[in-house]
Amino acid sequence: MELATVESGAVFGVDAFQVRIEVHVGVGEFMTVIVGLPDAAVRESKDRVWTAIHNSGYRPRAGRVTINLAPADVRKEGPSFDLPIAVGLVTASDEADCRSRLGRFGLIGELALSGEVRRVRGVLPIVLEMRKNGLEGVIVPVDNATEAAVVEGIGVYPVRSLRQAVDFLSGEVDIHPVAHDLDNLCRLSRRHCDDFAEVKGQETAKRALEIAVSGGHNILLIGPPGSGKSMLAKRVASVLPEMTLDEALEATRVHSIAGLLDDRQALVLNRPFRSPHHTVSDIGLLGGGANPMPGEVTLAHRGVLFLDELPEFSRNALEVLRQPLEDGKVTISRAAGTVTFPCQFMLIAAMNPCPCGYYGDPAHDCRCSPQTVLRYRSRISGPLLDRIDLHVEVPAVRYDELASAPHGETSERIRNRVCAARALQHARFKKRPRVLCNADMGPSDIHAHCALDVATQDLMRLAMQEYRFSARAYDRILKVARTIADLDQSDAIQCIHITEAIQYRTLDRAG
């Protein structure tokens, strides 16, 4: 036979689709044609593949070679088809008898000119797709085996070379599949070198961050330079609840597509903490490009996005955050199609109160005029501020607090309270799989779980009239109050919870 069929896969957005590679070796002048909407990297693969085949010791007969990548109406990108194309050529040329196994195994991998198999991006979602389609196993580069083996129900066979892959498929050598104990992986100890006990003073900011983490709320820290805003934000990682297996797989899938997993990392076990510089572009933050790739908001999925010096980000970059913060996903449209990336993250932002940083600081004179302060704060639009649940002032730390020994609560104690509050929320929303915490509540959830008695209604009415809160700010206050009640293990939202939630709308009240 002169035709061989090999199963492989490709990634589009964060999802994968199976690709069937058909290789036909015919008679005629030597020529290799690849069809099925290949990009430049795929078209160039024919030169890599032929060289790797010859350097692996195979001598396929020359002729007209046609390689079809099906489905033919979806664009194929990247070098991950090198290995399956090479195996297809070797098989179609009768250099090895692999046909009995080719239909049962998928293949992924880039080839070096020597025939070595190199790691590629996006292996995890491709293996998940192959399992869904009923394949028995998948052959992957050795450096991708740890990542691929987290998928249960399909054999993962690592190879180092084209020769080894062909020998395995022809039955000449055995390769033991790689497997992981996922429960054991998820029980791995958390390692955080930063602890909230090291932070001196700032008890109000610590309390606000505890509330924010407990309910998954977005938070803005406002204070002069050196007050500890970044120090506080970076310690949030130490109090985040541990990820479930499903959350870890979601985060790992995103990092796999972005090529951020190393060969020793099976799962992203700790929640992501992304901190892009304020010079980041719109595409770097949101994702995109000619071949859309995840941006910082997607890389922070199920974790934290920290934006330091918030007003220094470009206005466009800040405005593109509005959809991700509201919907938990970002949609990018290109001529080739529309890609949707998940981006459910907790936003922590930090800013100075004015350009010089000392507006309202009793220890320093502010050099900014009222118009300058207003212009500086107006870089953050009202709609974006409405989507940030807590606005918290972080004043400069007094000398007596700096000179004293650290005596604050440890991250472990704070995390225990956070986990207890999250447990209440998981039980509350167990019939709503898309709602994982209070920040995810929609209008119907707010109506069902944030009911107010007469006294709290009167308090909210006065606050709305006094501070002219928007309708969105009203919902945010109710969500934060619900979280504060959960931290108090209270079924009902009380006046004290509403009062505390209102005090965390600093910028709204300042207006």
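With which residue does arginine 472 form a salt bridge? In this predicted model, the partner of arginine 472 is glutamate 326, and the closest N and O atoms of the two side chains lie 3.7 Å apart.

Over the whole structure, the search returned 28 salt bridges. As a general point, side chains of opposite charge can pair when their charged atoms come close. One of the pairs found here is formed by arginine 48 and aspartate 82, whose closest N and O atoms are separated by 2.8 Å. Because arginine 48 is part of helix 1 (residues 40-55) and aspartate 82 is part of helix 2 (residues 82-92), this pair ties together parts that are 34 residues apart in sequence. Both partners are buried, since the relative accessible area is 17% for arginine 48 and 1% for aspartate 82, and the cut-off for a buried residue is a value under 20%.

A further salt bridge is formed between arginine 302 and glutamate 250, with 3.0 Å between the closest N and O atoms. This pair links distant parts of the chain, 52 residues apart, for arginine 302 is found in the loop between helix 12 (296-299) and strand 14 (304-307), while glutamate 250 is found in helix 10 (residues 245-257). The burial of the two partners can also be stated: arginine 302 is buried, with a relative accessible area of 12%, whereas glutamate 250 is partly exposed, with a relative accessible area of 28%.

The cysteines were examined next. A disulfide is, in general, a covalent bond between the sulfur atoms of two cysteines. The count of disulfides in the model comes to zero. For cysteine 354, the closest cysteine sulfur is that of cysteine 356, at a distance of 3.5 Å, which is too far for a bond, because the two sulfur atoms of a disulfide must lie within 2.5 Å. Cysteine 354 is buried, with a relative accessibility of 0%. Cysteine 419 is in no disulfide either, and the nearest cysteine sulfur, which belongs to cysteine 437, is 13 Å away. In contrast to the buried cysteine 354, cysteine 419 is partly exposed, with a relative accessible area of 33%.

Attention then turned to strand 8 (residues 137-141), in which five of the five residues are buried, so that this strand is largely enclosed by the rest of the structure. Strand 8 runs parallel to strand 5 (residues 105-107), to which it is joined by three bridges, and in this pairing leucine 107 stands opposite isoleucine 139 of strand 8. Strand 8 also pairs with strand 9 (residues 155-159), again in the parallel sense, over five bridges, and here proline 141 stands opposite valine 159 of strand 9.

Key: Residues are numbered from 1 along each chain as its sequence is written. This is a predicted model: local features need pLDDT of at least 70, side-chain atom pairs count only at pLDDT 80 or more; totals for chains, interfaces and linings use all residues. Side-chain values use heavy atoms; hydrogens and water are left out. A salt bridge is a side-chain nitrogen of Lys or Arg within 4 Å of a carboxyl oxygen of Asp or Glu. Helices (H or I, at least four residues) and strands (E, at least two) are DSSP runs, numbered from the N terminus. Buried means under 20% relative accessible area, exposed over 50%, partly exposed in between (1.4 Å probe, protein chains only). Two strands pair if DSSP finds at least two bridges between them.
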